[in-house]
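Thanks for coming, everyone. Let me put the structure up, and then I will walk you through it.

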Amino acid sequence: MVEKTDDTLRSLHERGRVAAEYPRVRGLVRGAGVAETRWAGNLLARIGADAVLAEHPDTPVVSVAFTGHSTVSGLVAPVTAELARHGLLLRPHVSDFDGYVFDLSDTASELYSAKPDAVVCLLDASVVFDEVPVPWEPEDVRRIFDEKLTLLDGLATSFAGAGQGTLVFNTLPLPREWTAQLIGVRDRARLGAVWREANARLLRLMDRHPALTVLDFDPLLGADLPLRDDRLGVYTHTEFSPEAHAAYARDVAHLLRAATGRAKKCLVLDLDNTVWGGILGDDGIEGIEVAGSYRGEAFRRLQRTARQVASQGVLLAAVSKNDLDPVREVLRSHPDMTLREDDFVRVVANWRPKHDNLRELAAELNLGVDSFVFADDSPYECGLVVRELPDVAVVALDEEPALHVEKLLRDGWFDVRDITVDDLKRPERYREELDRKDFLHGFSSLDDYLRELDVQVRFADASPAELARVSQLTLRTNQFNLTTERLQQSEVAERAAAPGSLVLTIRSGDRFGDNGVVGAVLAHREGDELVIDNFLLSCRVFARGIEQACLSAVLGHARDQGLRSVRAGYRPSAKNGKVQDFYPGNGFRPAGGGTDGAPTLYRHDLAEIPAPPDHIRLTLSLGGLHQ
Amino acid sequence: MKSLDDFLSLVHSETGLSLTPSTVGADFDELPGWDSLLLLTLLTAIERETGRRVPMAQVLESTSLRDIYALTAQTVEP
């Protein structure tokens, strides 16, 4: 193995080096079992974010307020551990017992003043049963659960008005303690029905509250997982067992990872013994197992899962040690394959080290390797990728293919709150982009190429249907993101509705196809100045003149509206270095800022506005700026 | 967990507190960062180590780690 055997979190802890060597913690916690992860969570929660930040100031931090009807402090350590697995630090804010109604309804509460990135409001059956009289009937439960749903609906509305970021509710699991007290089985069935109907309505609250996420607790309980520890429940009002806390913490961490712009984008699969059973080079096309046999069915299940995940906008690629031709033949003509060549944005089959292939694939797709999830059955290949590319999430499969699917899905790597129309088209667009790159090789100069490409851009006020996509651009775009200000959909909608404020979308297309919404500009008027709050462009369409065309249009629009200048800022992040000269390179002059984490400011006096690049066909529909 | 030393090393590993036989009697109020969550973490670990059930209601009423050692030691020694 790559790691030495004494290289554990415990040994770091014994040497007092956890904070000092924190960048290694992510890898150590990722490999830990259930008991070790629990221990790690307690340790890391004790050490705290500040001790780590003192040593490694650039470590990303997520602040989360925990509240609920029961004792919620037990959730802090597991969430700390799960976030550590994703390289994130937790700054927790824990509310008092049964504080959720006050916390969320009073806009002056400590919870709101803490301005957390997310609020996790942990709900459990005691929310309802603490108010059910004794003796009780299913009808009493229905009535009280109804009241609580109205309350939760109201709290989500208060949150939208006063809070920021994400509010997280969960469905209420029904402990057997309550069903078993009804001795009539028909009453018991009625309770089950009443309970599930109420939980279903709770889940549907997400449709009406853009800042709310409701996580479904039920699927977590399918495994060998105790919902409660009665002693903790009775003596400390902790309504979930440590195991249930840990499972829920994992889902919460996936959500926080996505909400802070770190959802993965590309699933890279090995082929031999990952996608199909056997070694193609040894067993031949006829000999590999993809259906029919016991093992064949296990691989088919994996293929169906990968295809389902990819259908929702995740890019699927293959990186395999094989000759390319036989691999292509399997993908094109093996009668029992579920995955086909068209399901992949790229199939890389050669004999080079996989980390080199992954690096190259990332460059071709214009993505960071940190947006990759790599799954392979070989401990050697997994270990090598972990060592060479620590930012790649590695899913270590093994020789039991029936467990592949669970391992692949365990960490919800691709979870996001909403799938947009653009997500669904993403794989096709990336395939087109790779075609474009092949096309580019045929031209002597970039100008010739761009002229041939026939780029069309529509730059316009965002329609209501586009607001989710604008939010997603702020959350997922890391490179061409001038300020890295992340906005939830509700926050984008607020800005779009504000007077004197602009939320603009950039759509582009070319001879290879439609790219959809590839960028956004957010701006607002301050007196006789237009302030660009952020400028975002998808990495798929950099450097084609689209950004210059749109910036020129913003400047022209500001002048047409009678304004005197345009101000814009650049805030450096780990990934947006390539756009630091975007404003000064396009006629803006420095205007201060840039100290203590404030953005560097630039101003354009609108005297000379550069013309948009002439290879672009630009259509504009920009709204007024009246305040 | 056969002795006070074993107990203190478990306390250290689970809660980060470094105590000695002479400081183990300190009231919880005097322990830096002590809270009920640390106590529960410790209890879970003790049950795991000993394979026996800790009398939780009594433990929750105790005021020092020495009390807890006394309660859990009873459960260890037959």
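**A walk through chains A and B**

Start with residues 457–612 of chain A: the end C-alpha atoms of this span lie 11 Å apart, and the span is 22% helix and 35% strand. Helices here are DSSP runs of H or I with at least four residues, strands are runs of E with at least two, and both are numbered from the N terminus. Why pick that span? UniProt lists residues 457–612 of chain A under "domain: N-acetyltransferase", in an unreviewed entry. UniProt positions are given in the numbering used here, feature names are shortened, and annotations may be inferred rather than shown by experiment.

Some ground rules. This is a predicted model, where local features need pLDDT of at least 70, side-chain atom pairs count only at pLDDT 80 or more, and totals for chains, interfaces and linings use all residues. Residues are numbered from 1 along each chain as its sequence is written, while chains are lettered from A and ligands numbered from 1 in the order in which they are written.

Now one residue, Asn534(A). It is found in strand S14, residues 529–537 of chain A. Is Asn534(A) buried or exposed? Buried, with 22 other C-beta atoms within 10 Å. The cut-offs: buried takes 20 or more other C-beta atoms within 10 Å of the residue's own, exposed takes 12 or fewer, and partly exposed is in between, with C-beta atoms placed from the backbone. Leaving aside neighbours within four places in sequence, Asn534(A) is in contact with Thr474(A), Leu482(A), Thr483(A), Glu485(A) and Leu522(A). Contact means that the two C-beta atoms, placed from the backbone, lie within 7 Å. Lys265(A) is 269 residues from Asn534(A) in sequence and 23 Å away in space, C-alpha to C-alpha.

Next, strand S7 of chain A, residues 315–321. In S7(A), 7 of the 7 residues are buried, so the strand is largely enclosed by the rest of the structure. Both faces are covered. On one side sit Leu315(A), Ala317(A), Val319(A) and Lys321(A); on the other sit Leu316(A), Ala318(A) and Ser320(A). In a regular strand the side chains alternate between the two faces of the sheet.

Which strands pair with S7(A)? Strand S6, residues 266–269 of chain A, runs parallel to S7(A), and 4 bridges join them. Pairing here needs at least two DSSP bridges between the strands. Val268(A) stands opposite Ala317(A). Strand S8, residues 346–350 of chain A, also pairs with S7(A) in the parallel sense, over 5 bridges. There, Ser320(A) has Ala349(A) as its bridge partner. From S7(A) the chain crosses through helix H15, residues 324–333, to S8(A), in a right-handed β-α-β crossover. Right-handed means that, with the strands pointing away from the viewer, the path from the first strand over the helix to the second runs clockwise.

On to the helices. Helix H4 of chain A, residues 76–85, has 10 of its 10 residues buried, so it is largely enclosed by the rest of the structure. Its cover includes helix H2 (25–30), helix H3 (34–55), strand S1 (61–68), strand S2 (89–94) and H12 of chain A. After H4(A) comes Gly87(A), with a positive phi near 80°.

Helix H10 of chain A covers residues 185–208. At 1.5 Å a residue, its 24 residues should span 34 Å, and its end C-alpha atoms are 36 Å apart, which agrees. That expected span is 1.5 Å times one less than the number of residues. Leu191(A), Trp195(A), Ala198(A), Asn199(A) and Leu202(A) are buried in H10(A). They pack against helix H8 (138–162), strand S4 (166–170), helix H9 (176–179) and strand S5 (212–215) of chain A.

A few backbone details. Most residues other than glycine have a negative phi, and most peptide bonds are trans. Lys115(A) has a positive phi, near 45°. Lys115(A) lies in the loop between helix H6 (110–113) and strand S3 (118–122), and counts as exposed, with 12 C-beta neighbours inside 10 Å. His237(A) has a positive phi too, near 60°, and is partly exposed, with 17 other C-beta atoms within 10 Å. The peptide bond from Val134(A) to Pro135(A) is cis, with omega near -5°.

Last, the contact between chains. It takes 10 residues from chain B and 9 residues from chain A. On the chain B side, H2(B) gives the most, with 5 residues.
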